[in-house]
Amino acid sequence: MTIRLYDSAARQVRDFCPLVPGKVGMYVCGLTVQSEPHVGHVRSGVNFDVLRRWFEASGYQVDFIRNITDIDDKILTKSADQSRHWYNLAYDMSIQLDKAYDALNVAPPTYEPAATGHIPEMIEMITDLIDRGHAYPAPDDTGDVYFDVLSWAGYGELTGQRVDDMEPAGDADPRGKRDPRDFALWKGRKDSEPQTASWPSPWGPGRPGWHIECSAMALKYLGSAFDIHGGGVDLRFPHHENEQAQSRAAGHDFANYWMHNAWITTAGEKMSKSLGNTLSIPSVLTRVRGIELRFYLVAAHYRSHVEFSFEALDEAAAGFQRIEHFLTRARDVLGEIALADLEKLPEDFRAAMDDDLGTPAAVAVIYDEVREGNKALADNAEDVAERAARVRAMLAVLGLDPLDPHWAESGNGTADKLTAALDVLLTQLLEQRAQARAAKDFAAADAIRDQIKSAGIEIVDTPTGSQWNVI
RNA sequence: GGUGGGUUGGCCGAGAGGCGAGGCAACGGACUGCAAAUCCGUAUACACGGGUUCAAAUCCCGUACCCACCUCCA
């Protein structure tokens, strides 16, 4: 069975053929840590986490590099506005980002390199580009170094654009450029910028341009050629176009496949422009749990534009709870639920995932299994066990297994203790209600049920007795 | 101006020539003391106009509207 992926460079779905059999090297552009992470930011994290998990489930050994860019124009501007050190802002935001990823069960990558830790590697690559005639230091005294776009015939091929149709790059003062579309590899330090934001280089003190860090870090950790490069669609141009141009101009094959996830918008606007912090991860998590937000993101195809709404988010949460309830009831019957072997994943599920990560169809398979499992709950424990194990395994591939300890609310066992304490109290109440029902004192029975419900706990009556769930 | 994507039922969201993905909500039924949960069933779709075809939501042509990128962006 072959995994097929949409390669945005080829603009079509291609069979995935790894450069080294059994191994995958993937590089994903993480964030520029300049503001609090919101729902849009983490979509990319979740989507590529699912891809990574599917590769691993399919038997690949994955080397997954996801960088953070911790120095750039915006970090300097914003930190100055907030009267704080730029590195404090970047560090603070990277901590927030880690928390957001953790809240959504986005597994840490193999390594998360930061741009500022790789200045020598970047300088080396820039030097190489100058030696090869594809870059030049600005002739003025700015200390800038530019990539020479016209010297590289392949420029524009990733995004299917002709250089003549492009607008000039605005990332630096254009006076030193040979061509207005040339982009900065190195930015000479300006007097207005903090000393701490500059590094020595053959061209004087300065800092890296925006794109070079990814080329340098991908080269260092994944080698001259690697399998997959990913990121949000907005990065296709200029970021990825420029990365590919500079890496190939420096003699590297670079990425074999390019994958881009689509946007999440609100009210038709992309999130980076709108709504401030109302859609920050901590804020959204006051409304739904992390696992529900992740389900919302996974239930849509990664290349589909998602129009975010709280109504749709609530719907997704309700839908996910149906899956969870099946597992809860199955566990009550079975004691515990095994995790099915990956070879036993339903064929439809595998086929959906192999087809360019068809998570919507994969989720539909989970619902089919849940429906059949719910039926079996009445009289066929063996069937329940098999189906529940498959549901868990499918959810685990999507990072959505509710029984994964990652989702436990606290790491110190408090949640378990509280659950045990509640169970003691509720068992007594349920016993009282059972006696009332047996005596046909339904008013008393319903009063107990209402009281429990007002505490946010629902009662599920089954032929073998009553159970409780926190709603 | 250049490049790419989209418009599917009350809502979300798949699919890509023939059998109505799935979910949420709604309605009817089963179960229940009544509910809840669960199961069974029901209805409501492919932006518009042409064309190709035995057959089009799907392919082609045209139109409308929306969105993204064109050097800040996940």
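Which residues in helix 14 are buried? Ala445, Ile448 and Ile452 are buried in helix 14, where buried means under 20% relative accessible area and exposed over 50%, with partly exposed in between (1.4 Å probe, protein chains only). This is a predicted model, in which local features need pLDDT of at least 70, side-chain atom pairs count only at pLDDT 80 or more, and totals for chains, interfaces and linings use all residues. Residues are numbered from 1 along each chain as its sequence is written, and side-chain values use heavy atoms, with hydrogens and water left out.

**Helix 14**
- The buried residues of helix 14 fall within an arc of 60° seen down its axis, so they line one face of the helix; the arc is that of the directions from the helix axis to the C-beta atoms.
- These buried residues pack against helix 13 (414-438) and strand 14, contact meaning heavy atoms within 4.5 Å.
- Ala443, Lys453 and Ser454 are exposed on the face turned away from the buried side of helix 14.
- Helices (H or I, at least four residues) and strands (E, at least two) are DSSP runs, numbered from the N terminus.

**Strands 14 and 15**
- Strand 14 (residues 457-462) pairs with strand 15 (residues 465-470) in the antiparallel sense over six bridges; pairing requires that DSSP finds at least two bridges between two strands.
- A hairpin through two residues joins strand 14 to strand 15.
- Asp461 has Ser466 in strand 15 as its bridge partner.

- An open sheet of four strands has the order 5-6-7-8, with antiparallel pairing.
- Strand 5 (135-137) and strand 8 (206-208) stand at the edges with a single partner strand each, so one side of each is left without a neighbour in the sheet.

Conventions
Chains are lettered from A and ligands numbered from 1 in the order in which they are written.
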